[in-house]
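Let's take a friendly walk through a protein fold, one part at a time. Keep the picture beside you as you read.

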Amino acid sequence: MSQKEGVIFDLSKTEFLTPFGIVLLAGTLSECLSLGKEARYQEPKKRITKEFLAGIGFNNFFQIKSINHRIESPNVQLKRIYSLDYSLIDQILEVFGNFIHMSEGVKCSLKLALNELMTNVFDHSESKEGCYVCAQSYPQEKKIRLCIADFGIGILASLRKIPQYGSLNNCYESIKLATQEGVTSRVGKQAGYGLSHINRFIEVNEGKMYILSGDGKAVWNYTGQKKRRKEKQTMQHPLQGTLIELEINADKEGFYFLSSEEDDLF
């Protein structure tokens, strides 16, 4: 469609969407609607894809009339929240717990880390559209994917508000900095542990973490031969805001515990 006509989201040929794609599409569609742009949506032609989107809550989220379907496997349906939601964090941990054996210490540490991640959105992102969250399990792949996104000012602009980070001018470098323990734009409060704690869990789990903000993208890939490799990418089309996706190995045979249950994390 032309700019005058509005925007069309064509998923007619789409066969599958991960939580990453779901929250990115939902956020972009919401942003268009909030700006008063006409937005149209074409559903996937494949029934199985229609059922998936209906089951994950996408259709209800935008009041799209479609088939009634609900995904039975443990998941967190697409949600948009405007304040910290403890019940949602509990749902995410429940999805993790269905596929991963974790000690109470690990569960508590992850809960605190997720707590801080979402708190950051409402404290720093200045997003008018809130925070989008979606998590899905993939039993055949033995994976869990979780995505949290906002469409606010981004990590670089948030950190640059603090004098000691005022010289930052690179989105990728700001993402790297934000994952260091104790780095925060929350003045006068103990914070800056969410991303660093989650990164350490992902490393032990041998999973992946993706962070996109502005034109920067960083990937922490702890799988296979690429273990401990951090990848830097520059986005051709900058993302307004910040998107974090976790890819977690759902291995029921393993058991995750703190080296000492008195430690903060691992």
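Predicted model: local features only at pLDDT ≥ 70, side-chain atom pairs only at ≥ 80, totals over all residues.

## Getting our bearings

A helix here is a DSSP run of at least four residues, and helices are numbered from the N terminus.

In total the protein has eight helices and nine strands. Its chain holds 266 residues, and 52% of them count as buried. Of the contacts between residues at least 6 apart in sequence, 62% join residues at least 24 apart.

## Helix H4 meets helix H5

Two packed helices are described by the angle between their axes and the distance between the axes. For helix H4 (residues 86-99) and helix H5 (residues 104-125), the axes come within 10 Å and cross at roughly 135°. That angle makes H4 oblique to H5, and the crossing is right-handed. On the H4 side, the residues that meet H5 include Tyr86, Ile89, Leu93 and Phe96; their partners in H5 include Lys107, Leu110, Lys111 and Leu114. Sorted by class, this contact of H4 with H5 has nine nonpolar, one polar and three charged residues.

Is Leucine 93 buried or exposed? Buried means under 20% relative accessible area, and Leucine 93 has 14%, so it counts as buried. Not counting residues up to four places away in sequence, Leucine 93 touches Lys107, Leu110, Lys111 and Leu114. Take the pair of leucine 93 and lysine 111: they are 18 residues apart in sequence, and their C-alpha atoms are 7.3 Å apart in space.

## Helix H5 meets helix H8

H5 has another partner to look at. The axes of H5 and helix H8 (residues 194-205) come within 8 Å and cross at roughly 135°. This makes H5 oblique to H8, with a left-handed crossing. Among the residues making the contact are Val106, Leu110, Ala113 and Leu114 of H5, together with Leu195, Ile198 and Phe201 of H8. Eight residues of the contact of H5 with H8 are nonpolar, two are polar and one is charged.

## Inside the protein

In soluble globular proteins, nonpolar side chains tend to be buried together. Which residues have the most contacts inside the largest nonpolar core? They are Phe96, Leu114 and Leu146, in a core of 51 residues. Phenylalanine 96 touches Met102, Leu110, Ile144, Leu146 and Ile248, leaving out residues up to four places away in sequence. Apart from this core lies another, of 27 residues, among them Ile22, Leu29, Cys134 and Phe151.

Helix H2 (residues 47-55) has buried residues too: Thr49, Phe52, Leu53, Ala54 and Gly55. They pack against several elements, including helix H1 (19-34), strand S2 (39-42) and strand S5 (131-138).

Finally, follow the backbone to some positive phi angles. Just after H2, glycine 57 has a positive phi of about 95°. Lysine 142 is not a glycine, yet its phi is positive too, at about 55°. You can find lysine 142 in the loop between S5 and strand S6 (143-150), where it counts as exposed at 56% relative accessibility.

Glutamate 206, also not a glycine, has a positive phi of about 60°. It sits in the loop between H8 and strand S7 (208-221). With 35% relative accessibility, glutamate 206 counts as partly exposed.

Methods: Residues numbered from 1 in each chain as written. Heavy atoms only, no water. Axes fitted to C-alpha atoms, helices over the stretch in contact; angles between N-to-C directions. Helix = DSSP H or I, 4+ residues; strand = E, 2+ residues; numbered from the N terminus. Parallel < 35°, antiparallel > 145°, perpendicular 65-115°, else oblique. Left-handed = near helix turned anticlockwise from the far one by under 90°. Contact = heavy atoms within 4.5 Å. Nonpolar A, V, L, I, M, F, W, Y, C, P; charged D, E, K, R; others polar. Buried < 20%, exposed > 50% of the residue type's maximum accessible area, 1.4 Å probe, protein only. Core = buried A, V, L, I, M, F, W, Y, C linked by side-chain atoms within 4.5 Å.
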